[in-house]
Amino acid sequence: MPGTPSFAPPPPPPAAPPRDRRDDRLAQLTPERTLRRLELAVTRRLDGLLNGEHLGLLPGPGTELAEARLYQPGEDDVRHMDWAVTARTTTPHVRDLVADHELEAWALVDLTPSMDFGTGTMVKRELAVAALAAVGFLTVRLGDRVGAHLLQPDRQRRWPARTGKAALYALLQAVLDAPTPQPAPRRRGDPAPPPTGDLATAITALDRGQTRRGLRVVISDFLPPTGADPAADPTDHRHAPAWERPLRRLATRHQVLAVEIIDPRELDLPDVGLVEMTDPETGTVHEIVLNRRVRERYAAAAAAQRDHTRAALRRSGAHHLVLRTDRDWIADVARFALRQRRAAGRAIAAPGARA
């Protein structure tokens, strides 16, 4: 009837608020308890190694003590007087200060198809995120900036350097979510596809893109390209990997940490008989019988490839950290830091910290 109000059905309930951009994988990979452990325990052991001493390159006002010198009346601040040296020499001395410089850490993360493989507790890409998180939280803890270059098969993406944990979590999530196009399956004898992401070119871009001195981290499996000889002599410079020369140039200006990501199945194959294996970089499918002879040859070639990579990293002057998908990555980072401190002759524990 006219004038009779019409009753509409009740409106639907409001949509649930969107979930945090940080998905379950990232929460499991870098849980808050793990991050607190990393920042409180491991970070104190890494102070002065991965994130530098924060000593400035130029003299000026700061918080780091430098050498003592004679006091200049009317020019020096009496608050900087070094009373211990003054008492010993009976002449007024002041202690110079060195300016603090903000550290800028840049990481190169390999996201080529070979990094989407894993048979341990995680795939290699997730372990690369864990390594990036370790370096990132060491850096943002001191208010410094973290940026990254993401090496993908078809391009290289640059993530700008930012400060804060929110920006770091966004970077870690972007690495997890970065798509990796898979090549179409092909049989032996088919034409080879175009080459995928080149690690040497990516390292060169990282070196040329940021000229300010700082920490540079290269996270990759360092697997040789298709067609390379994995059994090449590690001491023969003629068989040096293509990424060795740009990495050496990078290490002349920056402190470089190379993080090698390894899965146990890349070192040894199980005795399972006839299997089909697909090359993740090219899509080539091989039928292989994994008998004892094949497994022994594969293990020898894998060991030679690791020796080749280890020798090239040593020649380039980069620190070498090995992380495996079947081991505790936090413990491996802590052991690496302790070894580096002992090699450098530093104290193992920071003042007030438990070793």
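**Close-up views of a predicted model**

**View 1. Thr90 in a loop.** Thr90 is found in the loop that runs between helix 3 (83-89) and strand 2 (93-98). Helices (H or I, at least four residues) and strands (E, at least two) are DSSP runs, numbered from the N terminus. This is a predicted model, in which local features need pLDDT of at least 70, side-chain atom pairs count only at pLDDT 80 or more, and totals for chains, interfaces and linings use all residues. Residues are numbered from 1 along each chain as its sequence is written, and side-chain values use heavy atoms, with hydrogens and water left out. The phi angle of Thr90 is near 60 degrees, a positive value in a residue other than glycine. Thr90 counts as exposed because its relative accessibility is 69%; buried means under 20% relative accessible area, exposed over 50%, and partly exposed in between (1.4 Å probe, protein chains only).

**View 2. Phe222 in a loop.** Phe222 is found in the loop between strand 6 (215-220) and helix 7 (244-253). Its phi is near 55 degrees, a positive value in a residue other than glycine. With a relative accessibility of 2%, Phe222 counts as buried.

**View 3. The salt bridge of Asp77 and Arg79.** The side chains of Asp77 and Arg79 meet in a salt bridge, at 2.7 Å from N to O. A salt bridge is a side-chain nitrogen of Lys or Arg within 4 Å of a carboxyl oxygen of Asp or Glu. Side chains of opposite charge can pair when their charged atoms come close. A search of the whole structure finds 11 salt bridges. Asp77 is partly exposed at 26% relative accessibility, whereas Arg79 is exposed at 71%.

**View 4. The salt bridge of Lys124 and Glu266.** Lys124 forms a salt bridge with Glu266, and their closest N and O atoms are 2.5 Å apart. Lys124 lies in helix 4 (residues 124-140) and Glu266 in the loop between strand 7 (255-262) and strand 8 (273-278), so the pair ties together parts that are 142 residues apart in sequence. Lys124 counts as buried at 0% relative accessibility, and Glu266 counts as buried at 16%.

**View 5. The salt bridge of Glu244 and Arg315.** The side chains of Glu244 and Arg315 meet in a salt bridge (2.7 Å, N to O). This pair links distant parts of the chain, with Glu244 in helix 7 and Arg315 in helix 8 (residues 292-316), 71 residues apart. Glu244 is buried, with a relative accessible area of 3%, while Arg315 is partly exposed at 23%.
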